[in-house]
Amino acid sequence: NKEGQIKGIQQALNALKKKSYTKTLKELKILKNNTNFLDYYHFLSGQAHQGLMRHYILLKQYTNALNSAKQSVQHFSSVSAANAYTVLDKQSQALQGESALAIAEIFFKLKKRKQAKQNYESGFQRLTEVNLLSTVTRKNILNYAVLCEKERTSVCSSWESKLSLFLSKTEDARLLERINAF
């Protein structure tokens with residue numbers, strides 16, 4: 001019933017605020033098959049999986065972190081499919097971009113260069129689509145530059161020139177310019 005589903009959303013939100021991600025996912029099961037709340041189901045599930053991902057990263061459990069990150073991306077990408085006119089679309093796109101960047105960082109730590117580079121580019125593209133490329137961290141920009149230094153492509157050059165605008169004229173920016181010029 002609709003009242004129970006609204007209560008489920010509230011309980012899921014409360015669990016999410018308390019960083020009780022497994023409980024959030026459990027509370028959301030009531031919404032999984034309801035087309036009226038499917039966008040909220042995916043949005044909140046994506047946030048819960050993103051929280052689990054961060055938790056696993058802190059514990060250096062990268063396999064679990066990758067699984068949670070991939071599930072968060074899947075949920076966030078399902079938000080607009082569940083409701084094309086949802087108010088959650090832009091925010092889910094931004095969170096999907098954040099998850100892609102987190103996946104890239106994990107692959108970077110695991111020295112899986114190709115997967116890291118692909119996920120960085122996917123995250124940058126997602127954030128560009130919602131005008132949030134400026135939120136990319138200095139660490140992500142520099143990690144991407146390191147990946148591009150080994151294998152120069154036109155895609156690397158394009159992203160590096162866009163991202164260099166967000167680094168102040170520091171040693172980091174000069175390093176990125178030298179790599180880009182090379």
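Modeller: Start with accessibility. A residue is buried under 20% relative accessible area, exposed over 50%, and partly exposed in between, using a 1.4 Å probe on protein chains only. Take K19: its relative accessible area is 62%, so K19 is exposed.

Biologist: What kind of model is this?

Modeller: This is a predicted model, where local features need pLDDT of at least 70, side-chain atom pairs need 80 or more, and totals for chains, interfaces and linings use all residues. Residues are numbered from 1 along each chain as its sequence is written, and side-chain values use heavy atoms, without hydrogens or water.

Biologist: How many helices and strands does the protein have?

Modeller: Helices (H or I, at least four residues) and strands (E, at least two) are DSSP runs, numbered from the N terminus. Here there are nine helices and zero strands. Along the sequence the pattern reads α-α-α-α-α-α-α-α-α.

Biologist: What share of the residues is buried?

Modeller: Buried residues make up 46% of the 182 residues.

Biologist: And how do I read contacts? Which residues does S72 touch?

Modeller: Contact means heavy atoms within 4.5 Å. S72 sits in helix α4 (residues 62-82). Its relative accessibility is 0%, so S72 is buried. Leaving out residues up to four places away in sequence, S72 touches G46, H49, Q50 and S99.

Biologist: Where is H42, and what does H42 contact?

Modeller: H42 belongs to helix α3. With a relative accessible area of 15%, H42 is buried. Beyond its neighbours within four places in sequence, H42 contacts H75, F76, S78, V79 and A82. H42 and L28 are 14 residues apart in sequence, and their C-alpha atoms are 9.0 Å apart.

Biologist: What share of contacts joins residues 24 or more positions apart?

Modeller: Among contacts with a separation of 6 or more, such pairs account for 58%.

Biologist: Now phi. What is the general idea?

Modeller: Most residues other than glycine have a negative phi. K19 has a positive phi, near 60°. K19 is in the loop between α1 and α2 (21-28). K60 also has a positive phi, near 60°. K60 is in the loop between α3 and α4.

Biologist: Is K60 buried or exposed?

Modeller: K60 is exposed, at 60% relative accessibility.

Biologist: How do I read two aromatic rings together?

Modeller: Such a pair is described by the distance of the centres and the angle of the planes. Rings of Phe, Tyr and Trp (its six-membered ring) pair if their centres lie within 6.5 Å; planes under 30 degrees apart count as stacked, over 60 as edge-to-face, and the rest as tilted. By this rule there are five aromatic pairs. In one of them, Y120 and F124 have ring centres 6.0 Å apart and planes at 25°, so the pair is stacked.

Biologist: Where do Y120 and F124 lie?

Modeller: They are in helix α6 (residues 113-129). They are separated by about one helical turn because they are four residues apart in that helix. Y120 is buried, at 0% relative accessible area. F124 is buried too, at 0%. F124 also pairs with Y144: the centres are 5.1 Å apart and the planes at 85°, so this pair is edge-to-face. F124 is in helix α6 and Y144 in helix α7 (residues 138-150), so the pair ties together parts 20 residues apart in sequence. Y144 is buried, as is F124.

Biologist: Which residues do ring pairs link into a cluster?

Modeller: The cluster holds Y120, F124, Y144 and W159.

Biologist: Which residue lies over the face of W159?

Modeller: A charge sits over a ring if NZ of Lys or CZ of Arg is within 6 Å of the ring centre and within 35 degrees of the ring normal. K162 lies over the face of W159, at 4.7 Å from the ring centre.

Biologist: Last, pockets. What volume does the largest pocket have?

Modeller: On a 1 Å grid over the protein atoms alone, a pocket is an open set of points for a 1.4 Å probe, with protein on both sides within 12 Å along at least five of seven lines; lining residues have an atom within 4 Å of a point. Points are joined across faces, edges and corners, and volume is the space filled by probe spheres set on the points. The largest pocket has a volume of about 280 Å³.

Biologist: Which residues lie nearest its centre?

Modeller: The largest pocket has 16 lining residues, and M53, E98, L101, A102 and E105 lie nearest its centre. α3 (38-58) and α5 (89-109) each supply at least two lining residues. The largest share, seven residues, comes from α5.
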